[in-house]
Amino acid sequence: MRKTIKIAALALMVSMTAVSCKKKVSDAELTSQATTVLTSFPGTSVEVKEGQAHLSGVFATEADKKSAIDALKKVEGVKDVHDMATVAPVAAPVEVNIVDAAVLQKVNTALKDIPGVKAEDVAGTLTLTGSTTSANARKVKESVDALKIGKYDNKITVK
């Protein structure tokens, strides 16, 4: 019986010694390994303190962010990942204004009898250009207003 207890105590002491002799990876080494994992995600960084990985930076998509977190969790020695990173906002589509071709045609038809004046699309705005007399400028305004097309830019020069 005494011999069994001594052998058990010795086995316990040997196993405890083996566990305590296990090499502990430093935070600097873990940070280096974790940084290597993030090389495919530009604009991001990680720092490891006491086995806790602190992820920061900006990811292109939520899927990229999740993928990086999953990869960091697989680094041996990293206990947990603290997510302090963000996802870049999706850029809003640029709205391009274009004057409806039918509206442009109606206005040009209304202006056909007034020499020197024309309607065109300038950066998405219906613009009246040219030069004419004061009386014709009044006719142009009345004709275009009668079409009820809404807002337009009047750049007609009166002679």
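Me: Is Lys-148 buried or exposed in this model?
Reply: The model is predicted: local features need pLDDT of at least 70, side-chain atom pairs count only at pLDDT 80 or more, and totals for chains, interfaces and linings use all residues. Residues are numbered from 1 along each chain as its sequence is written, and side-chain values use heavy atoms, leaving out hydrogens and water. Buried means under 20% relative accessible area, exposed over 50% and partly exposed in between (1.4 Å probe, protein chains only). Lys-148 has a relative accessible area of 74%, so Lys-148 is exposed.

Me: What is phi of Lys-148 near?
Reply: Most residues other than glycine have a negative phi. Lys-148 is found in the loop between helix H5 (134-146) and strand E7 (153-158); helices (H or I, at least four residues) and strands (E, at least two) are DSSP runs, numbered from the N terminus. Phi of Lys-148 is positive, although the residue is not glycine, and is near 50°.

Me: Where is Glu-50, a residue with positive phi, found?
Reply: Phi of Glu-50 is near 55°. With a relative accessible area of 67%, Glu-50 is exposed. Glu-50 is found in the loop between E1 and E2.

Me: How are the rings of Phe-41 and Phe-59 arranged?
Reply: Rings of Phe, Tyr and Trp (its six-membered ring) pair if their centres lie within 6.5 Å; planes under 30 degrees apart count as stacked, over 60 as edge-to-face and the rest as tilted. A search of the whole structure finds one aromatic pair. In Phe-41 and Phe-59 the ring centres are 5.5 Å apart and the planes at 65°, so the pair is edge-to-face.

Me: Which residues touch the most other members of the largest nonpolar core?
Reply: A nonpolar core is a set of buried Ala, Val, Leu, Ile, Met, Phe, Trp, Tyr and Cys residues joined through side-chain atoms within 4.5 Å. The largest has 16 residues, and those touching the most other members are Leu-38, Leu-55, Leu-72 and Val-81.

Me: Which elements do the buried residues of H2 pack against?
Reply: The buried residues of H2 are Leu-30, Thr-31 and Ala-34. Seen down the axis of H2, they fall within an arc of 100° (from the directions of the helix axis to the C-beta atoms), so they line one face of the helix. The face turned away from this buried side carries the exposed residues Ala-28 and Thr-36. The buried residues of H2 pack against E1 and H3.

How values were computed
Contact = heavy atoms within 4.5 Å.
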